[in-house]
Amino acid sequence: MNLETSYAAFGVKPPVTKPIPEFLLEVGEEGLRELISKHYDAIKQSDIYLLFPQDDAEFAQAKVNSADFFIQICGGPAHFNTNRGAPRMIGRHAPFAIDAKARERWLELYKPLLEELNEQGVTETSLYSFWNYLDIFSIWMINTK
Ligand code: HEM
């Protein structure tokens, strides 16, 4: 697969397309929770970890909240709205200084995990659709030059 990272111009929010429903149908809710969990585990080993909760219990809860959101945005049950309220993603990320470099690192950490899903039989069409969502929406989270 050729997962490319788009250039992020500061303050520009390109239109976002949600992942196609086939992605969640192929990966499953538990599979998606596992993906998010592995991404957070990779964050823990990376130079962007300092942006994230340092307390183990809070970090574990962050995985749950994120997975709730991703399941919802991928067409599954509205777990995030039920447990956390309106998504307000830009506002929720505002307390953390996210620059273009941090967004690139965050995205990069997804690459091997999506390759792994491809090897396990998830179609490239579904994975590209999920990647495109991550690639573009992550630009929206950049709030620091
Ligand atoms: C597609 C792009 C992204 C999505 C959909 C997303 C989603 C989320 C969600 C759902 C939460 C939990 C919010 C809550 O429950 O209050 C969260 C928290 C957080 N995100 Fe993101 N995020 C994205 C990009 C990024 C990027 C690029 C960074 C930094 C490099 C980042 C850093 C954080 C941090 C520091 C938190 C707070 C800790 C936590 O609760 O996990 N996020 N994100």
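Predicted model: local features only at pLDDT ≥ 70, side-chain atom pairs only at ≥ 80, totals over all residues.

Biologist: How many residues surround the ligand, and which are the closest?

Modeller: There are 21 residues around the ligand, and the closest are Ala62, Asn65, Phe69, Trp106 and Phe137. Residues are numbered from 1 along each chain as its sequence is written.

Biologist: Which elements give two or more residues to that shell?

Modeller: Helix H3 (56-73), helix H5 (89-93), helix H6 (100-108) and helix H8 (124-140) do. H3 gives the largest share, 4 residues. Helices are DSSP runs of H or I with at least four residues, strands are E runs of at least two, and both are numbered from the N terminus.

Biologist: What classes of residue are in the shell?

Modeller: The shell has 14 nonpolar, 4 polar and 3 charged residues. Ala, Val, Leu, Ile, Met, Phe, Trp, Tyr, Cys and Pro count as nonpolar, Asp, Glu, Lys and Arg as charged, and the others, Gly among them, as polar.

Biologist: Back to the fold. How many helices and strands are in the protein chain?

Modeller: The protein chain has 8 helices and 0 strands. Its radius of gyration is 14 Å, close to the 15 Å that the globule rule gives for 145 residues, so the chain is as compact as a globular protein of that length. That radius is taken over C-alpha atoms, and the rule is 2.2 Å times the number of residues to the power 0.38.

Biologist: Which residues of H8 are buried?

Modeller: Ser126, Leu127, Tyr128, Phe130, Trp131, Leu134, Asp135, Ser138 and Ile139. Buried takes 20 or more other C-beta atoms within 10 Å of the residue's own, exposed 12 or fewer, and partly exposed is in between, with C-beta atoms placed from the backbone.

Biologist: And what covers them?

Modeller: The cover includes helix H1 (21-27), H6 and helix H7 (111-119). Contact here puts the C-beta atoms of two residues, placed from the backbone, within 7 Å.

Biologist: Something else: what is the phi of Arg88?

Modeller: Positive, about 40°, although Arg88 is not a glycine. Most residues other than glycine have a negative phi. Arg88 is in the loop between helix H4 (79-84) and H5.

Biologist: Is Arg88 buried or exposed?

Modeller: Arg88 counts as exposed, because it has 10 C-beta neighbours inside 10 Å.

Note on methods:
Near = placed C-beta within 6 Å.
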